[in-house]
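Colleague: Hello! I am new to reading structures, and I would like to go through one with you. Could you show me how to start?

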Amino acid sequence: MPVTLYHNIVSAPCRAVMMCAKTIGLDLEEKPVDLLAGEQMKPEFLAMNPCHCVPTIDDDGFIMWESRAINIYLNDKYSSTPEKLYPKDPKKRARINLMLQYDLTTYTPAIVGYVAPILFAKKEPDDETKKKLADQLEIFNNMLEGKNFVAGNELSLADFSLGGATGMMAIVGYDVSGYKNIVAWRDRMVALPGVKDIQEKMMEAVAARNESS
């Protein structure tokens with residue numbers, strides 16, 4: 001049975017899982033979840049995931065949520081070369097884990113804080129929110145100096161999480177052209193198999209939502 005992914009394409013963590021699956025050559029059975037309609041609160045979804053969040057996967061009855069944990073699991077189980085994206089070397093893995101935690105606690109919250117008011121409330125973010133994002137983009141840009149990817153010169157699981165978050169800024173047309181390292185890294189990510197298609201589907205979903213609202 002294929003792995004089933006319950007997702008919403010606008011969600012950065014969902015796209016992180018989709019990017020990981022594409023990279024390791026895993027075909028997913030995708031089941032979109034309309035979060036605004038509250039489909040994640042239906043009894044059948046809550047029975048599967050009491051935290052009522054996406055992404056959620058069902059691997060022949062083995063249920064998981066939280067995108068970073070999902071990607072580690074999918075890479076461990078389904079990649080023919082799992083150490084490429086998540087090396088066993090303690091220092092290399094620690095660097096990847098560091099970037100995964102940075103994304104979870106700092107980078108993604110700064111982006112979501114900026115994008116959410118525009119996307120859901122049709123209002124401009126406040127000055128503090130704008131500064132928080134600008135500060136994090138500057139920090140992340142500096143982190144990428146001299147690197148091809150977020151944890152070094154090799155693609156890793158951390159790139160999918162930070163890539164999903166960075167992709168959200170396209171929803172509101174945020175200009176990142178002043179951050180040369182982010183732009184170069186983003187372009188490398190978009191060149192990966194299937195990533196451009198995932199990003200385009202996100203933009204199509206946002207456009208469709210805007211037309212209907």
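Modeller: Gladly! Let us begin with a definition: two strands pair if DSSP finds at least two bridges between them. Keep in mind that this is a predicted model. Here, four strands make up an open sheet in the order E2-E1-E3-E4, and the pairing is mixed.

Colleague: Which strands stand at the edges of the sheet?

Modeller: Those are E2 and E4. Each has a single partner strand, so one side of each is left without a neighbour in the sheet. On average, neighbouring strands of this sheet are turned by 20° against each other, ignoring direction.

Colleague: What packs on the sheet?

Modeller: Helix H1, residues 12-24, does, and it touches strand E1 (3-7) and E2. The direction of H1 makes about 150° with that of E1.

Colleague: And how should I think about side chains in a strand?

Modeller: In a regular strand the side chains alternate between the two faces of the sheet.

Colleague: In what sense do E3 and E4 pair, and over how many bridges?

Modeller: Strand E3 (residues 56-59) and strand E4 (residues 62-65) pair in the antiparallel sense, over four bridges. You can follow the pairing residue by residue: Asp 58 has Ile 63 in E4 as its bridge partner, and Asp 59 has Phe 62. Together E3 and E4 form a hairpin with two residues between them. In that turn, Asp 60 has a positive phi of about 55°.

Colleague: Now a single residue, please. Is Gln 40 buried or exposed?

Modeller: The idea is to compare its relative accessibility with a cut-off: buried means under 20%. Gln 40 is at 13%, so it counts as buried. You will find Gln 40 in the loop between strand E2 (28-32) and helix H2 (43-48).

Colleague: What does Gln 40 contact there?

Modeller: Leaving aside neighbours within four places in sequence, Gln 40 is in contact with Val 33, Asp 34, Leu 35, Phe 45, Leu 46 and His 52. Its side chain also reaches the backbone oxygen of Leu 35 at 3.4 Å.

Colleague: Last one: how are helices H7 and H8 placed relative to each other?

Modeller: The axes of H7 (residues 157-167) and H8 (residues 180-190) cross at roughly 110° and come within 11 Å. The two helices are therefore roughly perpendicular to each other. Where they meet, H7 brings Asp 159, Phe 160, Leu 162, Gly 163 and Thr 166, while H8 brings Ile 182, Trp 185 and Met 189. The residues of this contact divide into five nonpolar, two polar and one charged.

Terms used
Residues are numbered from 1 along each chain as its sequence is written. This is a predicted model: local features need pLDDT of at least 70, side-chain atom pairs count only at pLDDT 80 or more; totals for chains, interfaces and linings use all residues. Side-chain values use heavy atoms; hydrogens and water are left out. Axes are lines fitted to C-alpha atoms, for helices over the stretch in contact, and angles run from 0 to 180 degrees between N-to-C directions. Angles under 35 degrees count as roughly parallel, over 145 as roughly antiparallel, 65 to 115 as roughly perpendicular and the rest as oblique. Contact means heavy atoms within 4.5 Å. Ala, Val, Leu, Ile, Met, Phe, Trp, Tyr, Cys and Pro count as nonpolar, Asp, Glu, Lys and Arg as charged, and the others, Gly among them, as polar. Buried means under 20% relative accessible area, exposed over 50%, partly exposed in between (1.4 Å probe, protein chains only). A polar contact is a pair of N or O atoms within 3.5 Å; within protein, one must be able to donate a hydrogen and the other to accept it, and residues adjacent in sequence count only if both atoms are side-chain atoms.
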